[in-house]
Amino acid sequence: MHNQNKISLMAHLVAGYPTQNLALKVADALIEGGASYLEIQLPFSDPSADGPVIQTACAKRLELGYSTQEGVDFIKKIHEKHPETPIFLMSYASLVYTPGIENFVTMFKEVGVKGFIIPDLPFDNDEGMRAACEKEGLTFVPVAAPSMSVDRIEKLLSYDFEFIYAALRAGITGSKTTIEKETLQFLNYFSKSPSKILGGFGIQNAEQAFQLKDFVHSIVAGSVFVKKIIQEYEKNPQDAEDKIVNATREKAKELSHTH
Amino acid sequence: MSDDGFFGRFGGKYVAEILRRPVDELEKAFNEATQNTKFLTELKLLQKNFIGRPTPLYFAENASRENGGAPIYIKMEGLAHTGAHKINNAVGQALLAKKMGKTRIIAETGAGQHGLATAAACAKLNLKCEIYMGEVDIRRQQPNVFAMEMYGAKVIAVKSGSKTLKDAINEAMRDWASNFADTHYLIGSALGPAPFPDIVRFFQSVIGQELEEQIQEQNLKVEALCACVGGGSNAIGFFSSFIEQKEIRLIGAEAGGLGPEPNHNAVRMSGTAAKDGIVHGYKSRFLLTEDGQIAQTRSISAGLDYPGIGPQLAALGSEARIEFTAITDKEALEALAFFAKYEGILFALESAHAGAIALKIAKETPKDKVVIINMSGRGDKDIFISSPVFRPNEWSVFLQSELDRLKEGLDIHDAKSLSSSPSKMES
């Protein structure tokens with residue numbers, strides 16, 4: 001299904017960060033660099049399942065103000081330009097629940113979102129999120145973690161999700177991940193299930209991507225991109241555009257191509 | 001007790017799976033501990049000897065006379081060790097963590113009272129302690145930072161997000177997700193994902209249990225119990241024994257801040273601004289924007305300056321068992337001055353909100369029934385906030401001269417006096 005020389009990459013970006021226009025260019029760069037999927041995070045003030053890097057990007061964007069409608073507009077533009085790249089929306093329960101779950105799903109369906117990743121909506125108490133997604137032909141992606149008990153992993157598998165997002169480190173996104181035996185053991189639980197595994201949290205380099213590729217449908221990388229964007233933009237916003245575009249494109253290339 | 005983590009439509013366990021295991025393990029350990037006689041005996045001893053329980057139920061005779069109407073009583077939680085009710089929960093959870101074999105405690109703190117209580121409990125129980133505190137809060141709550149460090153805690157400055165309480169919560173959650181094998185997250189209020197609201201209420205309910213006995217001993221007929229409500233740990237502990245005694249009114253005082261305009265207060269229950277939401281792992285009433293972003297809140301009292309409210313209190317409020325009222329900064333400061341002047345008792349700014357509503361209710365209540373305030377904390381901690389309000393010039397002169405003295409490296413005996421200031425200092 002995939003080109004043998006290519007690793008399927010889900011690349012993450014924060015909607016509207018650092019600016020709506022520059023973030024659109026980041027999306028282009030990630031796709032040009034080889035991303036097969038985009039995970040677009042709608043900024044929330046208290047992103048409890050994210051590391052400090054993504055939290056900082058979200059907070060900085062929110063300081064300037066960022067509405068859900070701006071997120072909708074952002075995704076619309078990307079989808080129109082790259083209709084072949086599936087877009088998954090990542091955010092938190094508060095932004096999903098407050099406008100009404102069905103309204104939220106419909107708003108993003110209309111601009112081309114394929115699925116939703118909402119880490120603080122547990123798969124077995126999701127406030128109707130999965131049903132709302134499926135009614136619209138979309139997919140709700142639960143987030144699994146290596147610390148889950150076997151019982152809970154089995155419960156998750158019994159729900160037959162199309163995708164499962166596997167958080168490969170016990171902790172939160174952005175810390176250094178070495179691919180250890182335990183991680184691979186955790187991934188083995190899912191190997192027999194029909195669910196497609198998105199494996200993320202902490203992937204920084206080609207070596208990690210290569211080690212993981214046979215165990216997952218797609219690797220996910222996020223904070224490695226966001227960190228570069230923050231570094232360049234906060235240093236010198238006027239001069240950052242080319243640097244950000246180059247850095248994110250090259251990193252996406254590094255992670256998505258075997259050597 | 002919650003129904004599988006829910007209180008009516010509020011509560012729940014809305015956490016990412018990375019936190020699910022520690023939360024589930026904690027739930028199991030807590031349920032066992034509350035049935036374990038040895039644990040409960042140890043807890044009782046710590047409550048008596050370390051915390052200094054029971055705290056008195058005190059008749060505020062002068063204040064009652066000046067105010068008119070029903071007699072006012074004060075449950076003196078501010079006399080508990082470290083100066084507030086926070087220690088009840090900190091000691092209880094630290095003991096529970098120890099029984100679970102944890103060696104390290106982490107906690108979030110905003111104003112610093114919970115961090116202080118946690119640091120003291122950890123010193124007492126020989127647990128390693130690290131406190132997450134927003135950089136902004138460290139700046140405005142230096143005295144508590146000093147005390148925490150004296151108790152051996154490490155205070156970690158949180159520089160992400162808005163650098164305040166909610167960011168400290170996020171940072172603590174993150175730490176817990178990575179380190180739960182040896183670490184317990186000691187949450188400070190009756191909120192967060194289940195089982196935390198049940199745990200915190202359990203350890204705070206000692207306030208209500210004592211009060212029930214004291215009411216009987218003193219043979220009082222109670223009209224109303226008044227507590228301030230931020231997250232709500234003092235209120236739920238204070239009210240816990242009386243929820244079924246429907247003849248007693250339960251009154252929650254929220255932070256009315258500067259007034260009713262949006263972002264000028266932290267009114268979740270008595271106004272119309274709040275809505276149902278899911279934040280910080282639980283469903284409750286929150287101050288949110290139309291999109292669901294957390295709205296700005298404002299209060300002179302750091303402990304009430306929070307956009308959400310514990311789920312059990314939200315449930316009791318929505319079924320009208322608890323009556324919520326907003327008390328403005330100004331009313332709270334007036335109550336603070338009133339009790340200080342007539343009773344020689346300095347309320348914490350949080351608790352002064354409860355004092356203010358009690359004064360109003362007592363006036364409308366006949367003399368044969370009493371109104372009881374939970375003074376959740378004493379006001380020593382607030383001097384950097386209340387002193388500039390009540391005596392701005394003197395305070396400014398004091399701070400300036402103290403800074404000069406430190407710069408010059410002078411001993412206090414050799415420093416120049418403050419008497420050149422325009423204040424009416426004692427001579």
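Which residue in S14(B) does B:Ile74 stand opposite?

A: Happy to! B:Ile74 stands opposite B:Ile373 in S14(B). Before going further, note that this is a predicted model, in which local features need pLDDT of at least 70, side-chain atom pairs count only at pLDDT 80 or more, and totals for chains, interfaces and linings use all residues. Residues are numbered from 1 along each chain as its sequence is written, while chains are lettered from A and ligands numbered from 1 in the order in which they are written.

Now to the strands themselves. S4 (residues 72-75) and S14 (residues 370-374) of chain B run parallel and are joined by four bridges; strands here are DSSP runs of E with at least two residues, helices are runs of H or I with at least four, and both are numbered from the N terminus. This pair belongs to an open sheet of six strands in chain B, ordered S3-S4-S14-S9-S10-S13, with mixed pairing (two strands pair if DSSP finds at least two bridges between them). At the edges stand S3 (57-59) and S13 (322-328) of chain B, each with a single partner strand, so one side of each has no neighbour in the sheet. On average, neighbouring strands are turned by 25 degrees against each other, direction ignored.

Definitions and conventions: Axes are lines fitted to C-alpha atoms, for helices over the stretch in contact, and angles run from 0 to 180 degrees between N-to-C directions.
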